[in-house]
Amino acid sequence: MAAGGGTRAIVAALVANAGIAAAKFVGFAITGSSSMLAEAVHSVADTSNQALLLVGQKTAARKPSESHPFGYGRDRYFYSFVVALLLFTLGSAFALYEGIHKLEAPEALTSPLVAVGILVVAIGLESWSFHTAIQESRKIKGNATWWQFIRNAKTPELPVVLLEDLGALVGLVLALGGVGMTVLTGDPVWDAIGTLCIGVLLGVIAITLIIETKSLLIGEGANPDVLAVIVDELATATVDHVIHIRTQYIGPDELLVAAKIALQPKLSVAEVAQAINDAESRVRAKVPEARLIYLEPDLDHSVKAGA
């Protein structure tokens, strides 16, 4: 569900942003609006970003190899991180540069109503893309808040598309405000101010994505509630308790679990093997993404020392 939903949201955003980018460049050519140019470059960056997310999904699906025995799942994290960097450089940095340039040398707009019409249509298309991303995200968000979903999601594409679309919508409103104020006051400085606001907005979103995707790329463990389920399922039947446990997502849909477990005493070798197999089955039944599980039976020396 997560992978399919992520793909649908990405494709919707790709189609919307490609059309919006073309319309914005036409609008800039006609009006000379720096807000329109900043938004056009932003849409180009977003379109490239969605293409990169699709590439990441495809390369991550490769089968494990001798050089990558745990597979290529982290490709999705890598490409999401590249997306965040592109959003910062192509989106935020360019908008800030263009805004400062137009503040220093303001230029009057020509045919501003064309810009207004294009921005209104773009808001409609971007709203459709944002609505699609919200619908797909709700399938896996559960009871978490949207901020918690963005912070804790192990599937990177949906949070990226959500924040991109949100930034695009707010950016379009800012661009519309800049053009509108320029028309009302006759002062092109407002267009430059709108451009600067877009740059700041994209910078904040890009930095948020960089922080979150960097954490995933380095390697995050299971969320506390998921970890509690894993420990509960391990410490059942002939498993007395979990001595210690480590988890790490090696891909959005693949969790590595490594644990030392204390078994009930006087079990035969066959019973130990069966206990481990049963524990693995219990965990996978409750946490399907726990595909790689390595359990080591051991003595809990801390218990002995305490005794």
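Leu162 touches Phe130, Ala133, Ile134, Ser137, Trp146 and Phe149, leaving aside residues up to four places away in sequence; contact means heavy atoms within 4.5 Å. This is a predicted model, in which local features need pLDDT of at least 70, side-chain atom pairs count only at pLDDT 80 or more, and totals for chains, interfaces and linings use all residues. Residues are numbered from 1 along each chain as its sequence is written, and side-chain values use heavy atoms, with hydrogens and water left out.

Leu162 and Phe149 are among the residues that touch the most other members of the largest nonpolar core, which has 39 residues. A nonpolar core is a set of buried Ala, Val, Leu, Ile, Met, Phe, Trp, Tyr and Cys residues joined through side-chain atoms within 4.5 Å, and buried means under 20% relative accessible area (1.4 Å probe, protein chains only). Helix 6 gives the most to this core, 9 residues; helices are DSSP runs of H or I with at least four residues, numbered from the N terminus. A second, separate core of 23 residues includes Ala222 and Leu295.

The structure also holds 2 cavities of 30 Å³ or more. A cavity is a set of points on a 1 Å grid over the protein atoms alone where a 1.4 Å probe fits but cannot get out, and its lining residues have an atom within 4 Å of a point. The volume is the space filled by probe spheres set on the points.

| Cavity | Volume | Lining residues include |
|---|---|---|
| Largest | about 80 Å³ | Ile150, Pro156, Leu209 |

Helix 7 supplies the largest share of the largest cavity's lining, 4 residues.

Terms used
On a 1 Å grid over the protein atoms alone, a cavity is a set of points where a 1.4 Å probe fits but cannot get out, and a pocket is an open set with protein on both sides within 12 Å along at least five of seven lines; lining residues have an atom within 4 Å of a point. Helices (H or I, at least four residues) and strands (E, at least two) are DSSP runs, numbered from the N terminus. Buried means under 20% relative accessible area, exposed over 50%, partly exposed in between (1.4 Å probe, protein chains only).
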